[in-house]
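I wanted to see what I could look up in one sitting. These are my entries.

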Amino acid sequence: MKDQKIILLILSIFLIILMVTGCDINASESSNKSLTVFVAASLKDSMDTVVKQFERLNPGVKIILNSAGSQTLRTQIEQGAYADIFISADERNMTPLYSENLVEAPKTLLYNKLIVIAYKDSSINSFMDIKNSGVKLALADESVPAGKYALDMLSKIDADYKGFKEATLRNVVTKEVTVTDVAQKVAMGEADAGIVYVTDAKPFSGKIKVINIPDKYNVIATYPAAIVKNTKYKTLSSKFLDFLLNGDGKKILKDYGFIMKG
């Protein structure tokens, strides 16, 4: 009888150890399926949809998005903020991270183009109208990829129409830290017009007019993506990048208006 009690006690202790160990293993596996992805602000809406699809196809995986201007995200990584993947809206903010050995070799993910958007009740109907006296123009700051691209575009137009860039810049009433802030300013009527990416117009349909810019003057924005060197989950990071480059993620991004590679 005494031996039976000892055996039961040992079995009970063994079962408790199994339960505790099992719980720890599950918790560990769950935590191993979480990725932190830094994405340029212009990707926010599309990446929300991408993440939902990736998480649906990969039960237990959690993707945490940190969306901001590429220059802000780059600074955060340089200052030690944890990220598994960085997707920039330009190479200007990716190349230094690669040179500093903070990210692996970047891959070109997609491209984007610029447009002029105008408040629905404004008199602006042509991209040339943004130079007109009295126009209130919103731009992204030059430190923001979209701001630098906009200045490049104005310079190209100025080569054919002297004085266009100077006259247009006189109309700037605000310089925003993200391109999505530019779109919001125009949609709310706080600015008559703004220069944003093609993909920034969709959320504000009905509130703005979309004015295309001829290819001759437009600027192609290149979005590189890279795995951050200090990632704890390189295999999962590679899987997510492949999902963007070749899987359902690529189709979703294309549906949002981005120009996909290949």
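This is a predicted model: local features need pLDDT of at least 70, side-chain atom pairs count only at pLDDT 80 or more; totals for chains, interfaces and linings use all residues.

**Entry 1: a pair of strands**

Strand E3 covers residues 85-87 and strand E10 covers residues 221-227. They run antiparallel, and 3 bridges join them.

**Entry 2: the sheet around the pair**

In what order do the strands of the open sheet lie? I read off E2-E1-E3-E10-E4-E11, which makes 6 strands with mixed pairing. At the edges I found strand E2 (62-68) and strand E11 (259-260), each pairing on one side only. I noted a general point here: strands of a sheet pair through backbone hydrogen bonds, either parallel or antiparallel.

**Entry 3: a helix on the sheet**

I then turned to helix H3, residues 70-78, which packs on this sheet. H3 touches strand E1 (34-40), E2 and E3. The direction of H3 makes about 135° with that of E1.

Which residues of H3 are buried? I listed Ser-70, Gln-71, Leu-73 and Ile-77. Seen down the axis of H3, these buried residues fall within an arc of 160°, so they line one face of the helix.

The partners are E1, E2, E3, helix H4 (95-99) and helix H5 (145-160). Just after H3, I noted Gly-80, which takes a positive phi of about 100°.

**Entry 4: a covered strand**

Strand E8 (193-197) came next. How many of the residues of E8 are buried? I counted 5 of its 5, and E8 is mostly covered.

I looked up two pairings of E8. With strand E5 (residues 114-119), E8 pairs in the antiparallel sense over 5 bridges. Leu-114 has Tyr-197 in E8 as its bridge partner. With strand E6 (residues 137-140), the pairing is parallel and has 2 bridges. There, Ala-138 has Gly-194 in E8 as its bridge partner.

**Entry 5: two threonines**

I followed the chain out of E8 to Thr-199. Thr-199 sits in the loop between E8 and strand E9 (208-212). Is Thr-199 buried or exposed? It counts as buried because its relative accessibility is 9%, and the cut-off for buried is under 20%. The side chain of Thr-199 makes a polar contact with the side chain of Asn-112, at 2.9 Å. Leaving aside neighbours within four places in sequence, I found Thr-199 in contact with Ser-42, Asn-112, Tyr-256, Gly-257 and Phe-258.

Thr-49 is partly exposed, with a relative accessible area of 29%. Beyond four places in sequence, Thr-49 touches Ile-252 and Tyr-256. The side chains of Thr-49 and Tyr-256 make a polar contact at 2.6 Å. I also looked up Gly-249: it lies 200 residues from Thr-49 in sequence, and 8.6 Å from it in space, C-alpha to C-alpha.

**Entry 6: the whole protein**

Last, I took the totals. The protein has 9 helices and 11 strands. Of its 262 residues, 45% are buried. Among contacts between residues at least 6 apart in sequence, 79% join residues at least 24 apart. The accessible surface comes to about 13300 Å², and carbon and sulfur atoms hold 55% of it.

Definitions and conventions:
Residues are numbered from 1 along each chain as its sequence is written. Side-chain values use heavy atoms; hydrogens and water are left out. Helices (H or I, at least four residues) and strands (E, at least two) are DSSP runs, numbered from the N terminus. Buried means under 20% relative accessible area, exposed over 50%, partly exposed in between (1.4 Å probe, protein chains only). Contact means heavy atoms within 4.5 Å. Accessible areas come from the Shrake-Rupley method with a 1.4 Å probe; for residues, only the protein chains shown count as cover. A polar contact is a pair of N or O atoms within 3.5 Å; within protein, one must be able to donate a hydrogen and the other to accept it, and residues adjacent in sequence count only if both atoms are side-chain atoms. Two strands pair if DSSP finds at least two bridges between them. Axes are lines fitted to C-alpha atoms, for helices over the stretch in contact, and angles run from 0 to 180 degrees between N-to-C directions. The arc is that of the directions from the helix axis to the C-beta atoms.
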